[in-house]
Each structure stands twice: as C-alpha cells, then as structure tokens.
Amino acid sequence: MEKAYFPMKYYNLTQGYLNSSTHQGTYALDTAGKDTGKDDIYAPFSCKVTKKYVKAGHAYTVWLTSLDKVLCANGQEEYLTMMIVHPEDIANLQIGQTFKQGELVCHEGKTGNASGNHLHMELGLGTCGWHKNSQGVYMIDNAVKCEEYLFLKKDTIVKNDIYKGKKYSFKIEDDNTNPIEPSSNNLGIKYTTTDLNERTGPGTNYSIVNSLSANTAVRVYEINGSWARIETGMWVSNNFLTSSKPSKHYKSMEVYNCQSLNVRQNYNNGKILKSIPVNTVVSVLEEKNGWTKIGQNAWVYAQYLK
Ligand SMILES: [Zn+2]
C-alpha cells in the first residue's frame, strides 16, 4: 500500500491554520519550498484530478483524489483528497487525468491573493468534495490535519515547521512501516497469549493498525526492548508472545502458491479485511467448507495454505 507523502522536496512553513482570515476554519498549511523560484509539487499518492478551478484574478486550485486507499502517517488506511492552491500551470490539467505517486503535477505559484510563490495545501479524508466558505473561498470537505496524515520522505528538507509559536511537524517515513521480506532472517515462530495490537512502532505511543487474536502464530524478525517486530513489519508486545504452542492452537501453516492472500471476515467470500503476503505463518483455529479460520472473524481460502 502506498504511503501518503508531503508533496514537495522542502517543507518550509509560512502559515499555519486557524489563525488568519484565509486559513480560518480550515487545516490549511502554506509552505514555500526552498524560497527561490517555483518549486515542484509532486503527486502525494497515485491520484486523479477530481476538480480544478482556473479563473483570472483568483487563486487557481486543483483537487487530487487518491486512486486507492493509502497508508496515512497516523496508521489509518483511507482514501485522501488533496487541495493545491496558487499554482499557475494547471490550466491544461484534465478532470480524470491520473498521476503516479511522485510524478510532477504542477509548480507552486502566487495566483490569487498570494504575496509570494507558495503551496497552500488542504487535505480531506476520503474521496471528498469541497465547498465555499462565507468569504467565497474554496475549502475542502472532511478536512484533516496534513501533519497527521502525510509522511515526510527521509530526504525531505525541513526549513521551517513553526508558525506563530505552534509547531506543525510531520512524521518522517520510517522503514519499519514497510512489510518485511519473508525470506529475510527471522527469530522464529511465536504465539500470542492474548488478543494483541499490532502497532507501527515499538511502543504504546505508536498507532494501532491491526489486532491479532490470541493463539495466533507470528514470525518474529527483531526484538527492541519489550517489543517484537513481526512479518507484517508492525510491532507487538513481546510480553504476550510465547514460544510454546498453545493447546488451543491446532497447527501452523504458511501462505503459498500466491502473491498474497485475502483475509475475510467470514468464510464463503466474506468482506475482505486485509491481505497477507506469501510465506506468512498463520494459526489454524478452525476449518470449514474449504476455508480456514486464522483469527477471530478472520478466514482465508484453505487451498493457499500448506
Ligand atoms: Zn494559504
């Protein structure tokens, strides 16, 4: 799954939200690139153009909606829509035009009431729409805070992240959120002794992305303090893992003969909850009609286990 990225190479905050007229009632952030020229604005995720507003004398605006759910910095997996304001070079963009993540979309500019070249950025949760506020200024629907949803890439340069004493820091992309190649060295198979949260990092301050049922088999790749990193790339408390096979646990099996396997809420093609990569070890809790239960309300098609 793609991560949602901050769309420029430099993060150079020039205005935060809630404390000025054009940012009133929004979570808009202004960022001014490296402050010389008109810096590139890249697709924050693979996306399509869902709206553009190009009118002389006004702030040009383009809306980009993700083509799929993306992994957000707070651990959520959601569709996102980004609103980009002030560019000068969006007249030729077409509604429905798609961009791959990281592709150049346009450049920062100063159309409308802008004193210098910058990007005014708003982010909305979902494939959301837009509205005009009482001043006639476009704003995104379902606004969320950019700094809670977008990752900074490791090579993004932070020039400034404070405005009027308030810090707007983004989470820096961390390799720990990438799934691990199952072939890499591992520390063996363990079993959860209770229902257990998977988190994006080794501590309770990290976001929860999934919950494992008791007696689930996991493959441990790394230990950090009292935390263990498992095959999904996420972390669980090592205090609730044991090497001894629980009595309730029937057997361990591995996903094989496919790239990844859908985990469903019920057997017989229930709602898809997530997919797990080949070689993932699962606990078989129950078998029914060609389906295997691997956790509470978690079923996979049995023919892809061995
Ligand atoms: Zn602005």
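Visitor: Which side chain meets Glu88 in a salt bridge?

Guide: Lys38 does, at 2.8 Å from N to O. A salt bridge here is a side-chain nitrogen of Lys or Arg within 4 Å of a carboxyl oxygen of Asp or Glu. The pair links distant parts of the chain, 50 residues apart. Glu88 sits in the loop between strand 8 (80–85) and strand 9 (98–99). Lys38 sits in the loop between strand 2 (29–31) and strand 3 (40–42).

Visitor: Before we go on, what kind of model is this?

Guide: It is a predicted model: local features need pLDDT of at least 70, side-chain atom pairs count only at pLDDT 80 or more, and totals for chains, interfaces and linings use all residues. Residues are numbered from 1 along each chain as its sequence is written, and side-chain values use heavy atoms, with hydrogens and water left out.

Visitor: How many salt bridges in the whole structure?

Guide: The search finds 6. One of them joins Asp39 and Lys34, at 2.9 Å from N to O. Asp39 is at 10% relative accessibility, so it counts as buried. Lys34 is at 34% and counts as partly exposed.

Visitor: What does Arg229 pair with?

Guide: Glu222, at 2.8 Å from N to O. Arg229 counts as buried at 13%. Glu222 is partly exposed at 30%.

Visitor: What about the overall fold: how many helices and strands?

Guide: The protein chain has 1 helix and 33 strands. These are DSSP runs, numbered from the N terminus: helices are H or I with at least four residues, strands E with at least two. The C-alpha trace spans about 70 × 40 × 35 Å along its principal axes. Of the 306 residues, 47% count as buried.

Visitor: Where do the domains fall?

Guide: Domain 1 covers 10–172 and domain 2 covers 177–304. The bounds come from an automatic or database domain assignment. Their centres, taken over C-alpha atoms, are 36 Å apart.

Visitor: Which residues touch the most other members in the largest nonpolar core?

Guide: Leu29, Leu80, Ile84, Met121, Leu123, Leu150 and Phe170, out of 36 residues in that core. Among the elements supplying at least two core residues each are strand 1 (10–15), strand 11 (119–125) and helix 1 (146–149). Another core lies apart from it, with 11 residues, including Met253 and Val284. A nonpolar core is a set of buried Ala, Val, Leu, Ile, Met, Phe, Trp, Tyr and Cys residues joined through side-chain atoms within 4.5 Å.

Visitor: What is Ile84 in contact with?

Guide: Leaving aside neighbours within four places in sequence, its contacts include Ile41, Tyr60, Cys106 and His120. Contact means heavy atoms within 4.5 Å.

Visitor: Last topic, backbone. What is phi of His86?

Guide: Near 90 degrees, a positive value in a residue other than glycine. Most residues other than glycine have a negative phi. His86 lies in the loop between strand 8 and strand 9, and is buried at 8%. Asn289 also has a positive phi, near 50 degrees. Asn289 is exposed, at 57%.

Notes. Buried means under 20% relative accessible area, exposed over 50%, partly exposed in between (1.4 Å probe, protein chains only).
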